[in-house]
Amino acid sequence: MGQGFDDIFAKHGALLSRVANSYEANEAMQQELLQEIAIAVWQGLSRFKGDSSVKTYILKIAHNRAVTHVAKQVKRLDTHQYDQDDKGSDGFVSQVRSPEEVSSQHQSLERLLRAVRALPLQPRQVLTLSLEGLSYDEIADVCGLTKNHVGVILKRAKQSIMQEQPHA
């Protein structure tokens with residue numbers, strides 16, 4: 001394979017962090033999920049056969065781990081509401097913008113993340129992979145779907161998100 005875990009995580013760590021963020025709203029739980037994903041990627045690298053790109057392979061691992069994480073959280077009867085006002089560095093804020101623009105952008109991003117997190121698991125997974133720039137073929141490979149089914153799910157997920165977003 002040629003790439004070690006450290007190299008892969010250095011290159012794709014931010015991507016894996018965004019995956020964790022799209023599945024988990026609570027910052028502490030995001031970090032826990034990211035650690036679970038990192039361990040799963042580390043363990044899975046020995047099974048990588050080169051049938052897909054490394055990025056697609058680790059995203060498949062990450063999303064499978066995230067699905068398992070969400071399923072465990074759903075099964076817990078003692079789940080509690082997380083504070084939606086937690087502010088964390090999201091890495092998307094440009095330093096060139098005014099404070100008002102930064103605040104507006106941050107609020108828009110938070111609304112989008114809440115809408116994505118509210119989607120059922122499969123549409124959330126497909127939409128997240130699409131937002132990461134994967135092709136329909138790559139998403140189909142990661143999710144175990146057909147390319148056409150990916151298109152249908154993605155269209156419905158986007159429609160759902162658009163219905164939730166206020167029109168500016």
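**Briefing: an all-helix predicted model**

In helix α5, residues Q125, V126, L129 and S130 meet I139, V142 and C143 of helix α6, where contact means heavy atoms within 4.5 Å. The model is predicted, so local features need pLDDT of at least 70 and side-chain atom pairs count only at pLDDT 80 or more, while totals for chains, interfaces and linings use all residues. Residues are numbered from 1 along each chain as its sequence is written, and side-chain values use heavy atoms, with hydrogens and water left out.

**Overall make-up**

- The protein chain has seven helices and zero strands; helices (H or I, at least four residues) and strands (E, at least two) are DSSP runs, numbered from the N terminus.
- Along the sequence, the pattern of the protein chain reads α-α-α-α-α-α-α.
- The protein chain has 168 residues, and 39% of them count as buried. Buried means under 20% relative accessible area, exposed means over 50%, and partly exposed lies in between (1.4 Å probe, protein chains only).
- Among contacts in the protein chain with a separation of 6 or more, 62% are between residues 24 or more positions apart.
- About 10,200 Å² of the protein chain is accessible surface, and carbon and sulfur atoms hold 51% of that surface. Accessible areas come from the Shrake-Rupley method with a 1.4 Å probe, and for residues only the protein chains shown count as cover.

- Helix α5 covers residues 121-131, and its buried residues are P123, R124, Q125, V126, L127, T128 and L129.
- Helix α6 covers residues 136-143; α5 packs with α6 at an angle of about 140 degrees, and their axes are 10 Å apart. This angle makes α5 oblique to α6.
- Axes are lines fitted to C-alpha atoms, for helices over the stretch in contact, and angles run from 0 to 180 degrees between N-to-C directions. Angles under 35 degrees count as roughly parallel, over 145 as roughly antiparallel, 65 to 115 as roughly perpendicular and the rest as oblique.
- α5 and α6 cross in a right-handed way. A crossing is right-handed if the near helix is turned clockwise from the far one by less than a right angle, and left-handed if anticlockwise.
- Q125, in helix α5, counts as buried at 9% relative accessibility. Beyond its neighbours within four places in sequence, Q125 is in contact with Y23, H63, V67, V142 and C143.

- E36 belongs to helix α2 (residues 27-44) and is buried, with a relative accessible area of 16%.
- Leaving aside neighbours within four places in sequence, E36 has contacts with R65 and H69.
- I58 sits in helix α3 (residues 54-75) and is buried, its relative accessible area being 0%.
- Sequence neighbours within four places aside, I58 touches I8, H12, L16, V41 and L45.
- I58 and I37 are 21 residues apart along the chain, and their C-alpha atoms are separated by 8.9 Å.

**Aromatic pairs**

- The whole structure contains two aromatic pairs.
- In the pair of F48 and Y57, the ring centres are 4.8 Å apart and the planes stand at 55 degrees, so this pair is tilted.
- Rings of Phe, Tyr and Trp (its six-membered ring) pair if their centres lie within 6.5 Å; planes under 30 degrees apart count as stacked, over 60 as edge-to-face and the rest as tilted.
- F48 and Y57 are both buried.
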